Amino acid sequence: MTPIGASTITSIRTREIRFVRIGIPAGVRALILVAAFMVPPRDAVAQDLYPTVPQSLSLQEAVRLAEEYNPSYRQAANNLSPAAWNVKNAYATLFVPTLSASSSITYSGSGSQRFLSTDFTQPSSTIGSNYGLTINWRLDGNAIFGPGVQKAAYDASAAAVDATRMSVRNQVVQQYLAVLEATAQVDIQTRQVERNGENLRLATAQQQVGQRTAIDVRQAEVAKGQSDVGLLQARQLVTIEKLRLFQTLGVKAPEDLSVVTLSDTFPVLEPEWELNELLSAASADNPDVLDLRAQEVSAARSEKATKGQWLPSLSVSAGWSGFTQQFTNGEFLVDDARSQSAARTTACQNQNSINSVAGLPIADCTQFGFTAAQEAAIRSGNSTFPFNFRQQPFSAGLTISLPIWDSFSRNVQVSQAAARTDDTREALRARELQVHTDVSQQYYGLIVAYETIGIQENNRVSAQEQLRLALQRYRIGSGTFFELLDAQLVGVQAEADYVTALYGYHRALANLEAAVGQRLR
């Protein structure tokens with residue numbers, strides 16, 4: 001758990017004071033403050049999204065950071081959770097009925113209402129409440145084929161995540177190599193600056209003893225200045241490539257980029273892979289091919305589910321409910337019952353008067369009297385709101401429906417689903433052809449890149465020997481400064497071409513790994 005600092009406590013107290021001022025109740029204030037405490041500070045969230053990059057960054061660590069923080073990969077990974085819930089929802093729809101509960105409170109004022117030619121008078125306003133509990137279950141083509149459709153959709157999402165992961169890894173490798181290549185070019189420019197500085201000192205010394213003219217010194221100064229500019233540009237390129245690397249990783253670059261160095265080196269291996277083996281591996285492991293195969297399965301199952309609309313559907317429902325209704329002023333009920341009791345008592349007494357004259361038996365009129373128990377029962381019967389529900393009879397239903405005619409609506413949907421399946425299948429075939437071409441192209445390109453390294457190495461050795469001979473001739477006075485400059489330019493270009501060939505090989509190998517879909521070294 002993250003420790004609570006003094007600034008956090010001060011912030012919470014400040015919020016509480018503001019809540020008191022605006023009159024928020026104490027209980028609500030407590031809930032809001034607890035919620036505010038549970039939400040992490042913005043700085044903490046930003047720190048989680050932008051971690052500190054280690055000063056010595058290996059390729060493995062760079063790939064791990066990209067898989068955790070690269071925005072494109074995170075966006076692709078975010079699709080897995082909804083896809084997983086869709087699978088659960090499909091199984092629940094098939095096997096588990098839905099359960100819903102409802103409740104409401106009603107109020108009706110007193111007064112008269114007219115229905116057709118009859119007036120209905122309500123002497124008191126009423127309040128009421130009700131509840132309902134309903135269970136529904138439906139079985140149709142969508143429910144039957146739903147789990148298979150959603151499972152295929154989840155597999156397609158997982159394959160898309162794997163494809164994005166491989167793509168992001170290739171981007172990281174390529175940018176990692178770009179930083180290393182730019183750093184190697186800085187080393188070449190640094191040595192060139194040192195050589196031109198030595199040439200300037202040599203030209204100055206020879207001028208002082210009369211062996212050279214001021215023209216040689218000025219040429220040496222120009223060469224030194226040009227190499228200084230080349231070094232500045234090479235260092236700037238390193239900075240730019242590092243910034244692009246951090247952007248690919250999805251993390252913020254430090255203010256001082258020089259504190260982060262790349263620790264990995266890459267050996268040059270003679271290509272010994274067989275093209276047929278690489279093509280077979282690409283057919284089985286290329287993430288883009290696997291993604292499209294998963295999409296094809298998903299489209300085929302969706303087409304099957306669409307055809308399931310021709311099947312009959314079965315619906316089962318059951319429900320329980322109850323209600324309350326209470327007069328807000330129940331005195332009129334007591335008065336009405338008391339009036340009816342008095343009327344029956346009077347009628348009984350009148351009948352007894354007639355019976356006494358006729359000699360008939362006399363009835364007990366006290367039985368029609370209004371008692372306190374009856375009054376209490378009336379008041380109790382009116383006290384039902386809000387939870388003294390009157391239960392309603394249980395209800396259940398079974399419905400079977402069979403679609404007969406829908407103006408070709410299902411035919412259109414089935415045709416569209418079939419077209420999507422065919423389109424996905426053709427996209428898969430096109431991608432397989434593209435992968436075959438990409439693997440072959442990158443394989444032949446790797447072979448050429450490997451052979452190019454050997455040629456450029458020979459050129460570099462020859463250029464270094466040419467530079468050594470030109471420098472010796474210049475020192476003994478038999479060579480001109482122009483010859484020395486030409487030899488230096490040839491040497492620098494040969495070294496730069498060797499570095500380009502070296503990292504061109506590594507990039508070609510990384511592209512071949514991306515085309516195959518697996519690491520080869």
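## The loop between β9 and α13, and other local features

In this predicted model, the place of F408 is in the loop between β9 and α13. Although F408 is not a glycine, this residue has a positive phi of about 65°. S407 is also placed in the loop between β9 and α13, and S407, which is not a glycine either, has a positive phi of about 60°. As background to these values, most residues other than glycine have a negative phi. S407 counts as exposed because its relative accessibility is 55%, and the cut-off for that word is a relative accessible area over 50%.

W405 belongs to the loop that lies between β9 (395-401) and α13 (409-476). With a relative accessible area of 61%, W405 is exposed. Which residues make the nonpolar surface patch of about 620 Å²? The patch is made by L402, I404, W405, F408 and V412, so that W405, already described as exposed, and F408, already described by its positive phi, both return here as members of the patch.

| Helix pair | Axis separation | Angle |
|---|---|---|
| α9 (residues 275-285) and α14 (residues 481-516) | within 8 Å | roughly 55° |
| α4 (residues 59-69) and α5 (residues 71-78) | 6 Å | about 50° |

The axes of α9 and α14 cross at roughly 55°, and because of this angle α9 is oblique to α14. On the side of α9 the contact is made by L278, A281, A282 and D285, while L512, A515 and V516 make the contact on the side of α14.

Is α4 parallel or oblique to α5? Helix α4 and helix α5 pack at an angle of about 50°, and that angle makes α4 oblique to α5. In this pair, A66, E67, E68 and Y69 of α4 meet P71, Y73 and R74 of α5.

### A cis peptide bond

A further local feature concerns the backbone at a proline. F385 and P386 are joined by a cis peptide bond, for which omega is about 5°, and P386 is found in the loop between α12 (372-382) and β8 (390-391). For context, most peptide bonds are trans.

Methods
Residues are numbered from 1 along each chain as its sequence is written. This is a predicted model: local features need pLDDT of at least 70, side-chain atom pairs count only at pLDDT 80 or more; totals for chains, interfaces and linings use all residues. Side-chain values use heavy atoms; hydrogens and water are left out. Patches are made of residues with over 30% relative accessible area and no salt bridge: like charges are joined within 9 Å, nonpolar side chains (Val, Leu, Ile, Met, Phe, Trp, Tyr) within 5 Å. Accessible areas come from the Shrake-Rupley method with a 1.4 Å probe; for residues, only the protein chains shown count as cover. A salt bridge is a side-chain nitrogen of Lys or Arg within 4 Å of a carboxyl oxygen of Asp or Glu. Helices (H or I, at least four residues) and strands (E, at least two) are DSSP runs, numbered from the N terminus. Buried means under 20% relative accessible area, exposed over 50%, partly exposed in between (1.4 Å probe, protein chains only). Axes are lines fitted to C-alpha atoms, for helices over the stretch in contact, and angles run from 0 to 180 degrees between N-to-C directions. Angles under 35 degrees count as roughly parallel, over 145 as roughly antiparallel, 65 to 115 as roughly perpendicular and the rest as oblique. Contact means heavy atoms within 4.5 Å.
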